[in-house]
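Here is a short briefing on the packing inside a protein model.

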Amino acid sequence: MKVNSVTTVEVVVCTYNGQRFIDEQLNSIRRQSRPVDLISVRDDGSSDDTVRHLERHACADVRVRVVCNPINLGYSQNFGQGLLQATGDIVFLSDQDDLWEHDKVARMLATFEDPSVALAFSDGALVDAKSQPIAGATVLRGYGLDPLQLAAFRQNPMRHLLRRNYVNGAAMAVRRAAVPGAMPIPRSFPHDYWLALWLARIDGITCVDSPLYRYRQHDCNLIGAGRTSRLQALRSMSRNPSAPRRLDLQRTRSLLERLPADDVWRPEIQRKHDWLVSVVEERSRLKRMLNIGRAVLRKDYAHFGVPAALQRDLLACLR
């Protein structure tokens with residue numbers, strides 16, 4: 001499906017105790033230069049006045065529809081259900097506490113003129129709780145993607161995503177036709193990382209290197225934008241060096257289980273899985289230390305590891 005004047009656009013917004021910012025976010029979506037056709041809001045059991053705010057928007061704008069989950073699903077599964085129930089040709093995802101730039105929908109839709117694009121995401125500007133810019137900061141720079149690295153990402157997104165996630169769900173739009181094949185979302189994965197990995201396998205993702213939304217950083221963020229201080233990182237590492245490494249192994253295992261047997265990326269993902277097993281799950285400290293040394297020589301840490309992966313494995317081995 002190529003984007004044209006009859007392409008329908010739906011926005012899936014997930015909320016949970018979001019009364020503080022939801023009005024600003026919904027207003028920024030409702031006032032897009034390219035109007036959206038439907039705004040589907042899924043509340044995940046808010047105990048504040050979020051639902052009352054949502055109902056007010058639904059009364060003012062027929063495009064706003066509100067669903068209240070009977071039980072709390074968690075943000076990832078809530079977005080997964082929203083994607084499965086969406087009806088728009090192109091589906092945008094939205095957090096409850098951000099702000100969209102006026103031309104976000106129009107500029108993102110332009111990327112889907114290429115029929116090979118199944119998922120697109122943009123950069124975002126970081127702002128504080130009062131919507132004030134955080135100087136010099138964008139979401140992708142916070143994730144470590146400077147212009148040179150972003151160019152490399154565009155050349156081979158899957159190789160980068162096998163190291164870590166760079167795709168923020170708040171920045172994402174996806175072809176609805178590509179969604180069913182990615183479902184269900186494994187419970188070990190955030191929805192954005194899983195969709196990005198699954199669709200990068202088929203070279204189906206692209207990035208708009210412009211900040212098309214304002215990603216609000218505040219004390220209630222479930223997930224921030226990668227701006228953890230060095231001191232915070234060291235404290236996390238010392239408390240539980242193995243936790244992120246075990247999570248990476250769990251996610252890699254889930255991905256392997258879902259891949260088709262003839263998937264072109266299976267050998268590479270299997271290699272990452274085997275490396276993680278050898279340096280995370282090996283019970284003998286001596287063997288684990290030897291495995292770490294071999295992995296360094298094979299450049300597995302450079303190829304698959306996030307920053308500080310080697311330090312975490314060494315610290316876990318020595319404890």
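The largest nonpolar core holds 74 residues. Phe92, Leu119, Phe121 and Leu161 have the most contacts inside this core. A nonpolar core here is a set of buried Ala, Val, Leu, Ile, Met, Phe, Trp, Tyr and Cys residues joined through side-chain atoms within 4.5 Å; buried means under 20% relative accessible area (1.4 Å probe, protein chains only). The model is predicted: local features need pLDDT of at least 70, side-chain atom pairs count only at pLDDT 80 or more, and totals for chains, interfaces and linings use all residues. Residues are numbered from 1 along each chain as its sequence is written, and side-chain values use heavy atoms, without hydrogens and water.

- A second, separate core has 11 residues, including Val279, Ala295, Tyr301 and Ala309.

**Phe121**
- Beyond its neighbours within four places in sequence, Phe121 is in contact with residues including Met108, Leu140, Phe153 and Tyr166 (contact: heavy atoms within 4.5 Å).

**Cavity**
- There is one cavity of 30 Å³ or more; a cavity is a set of points on a 1 Å grid over the protein atoms alone where a 1.4 Å probe fits but cannot get out.
- The largest cavity has about 60 Å³ of space, a volume being the space filled by probe spheres set on the points.
- Its lining residues (an atom within 4 Å of a point) include Leu161, Phe189, Asp248, Arg251 and Lys272.
- Helix 10 (243-258) gives the most to this lining, with four residues.

Terms used:
Buried means under 20% relative accessible area, exposed over 50%, partly exposed in between (1.4 Å probe, protein chains only). On a 1 Å grid over the protein atoms alone, a cavity is a set of points where a 1.4 Å probe fits but cannot get out, and a pocket is an open set with protein on both sides within 12 Å along at least five of seven lines; lining residues have an atom within 4 Å of a point. Helices (H or I, at least four residues) and strands (E, at least two) are DSSP runs, numbered from the N terminus.
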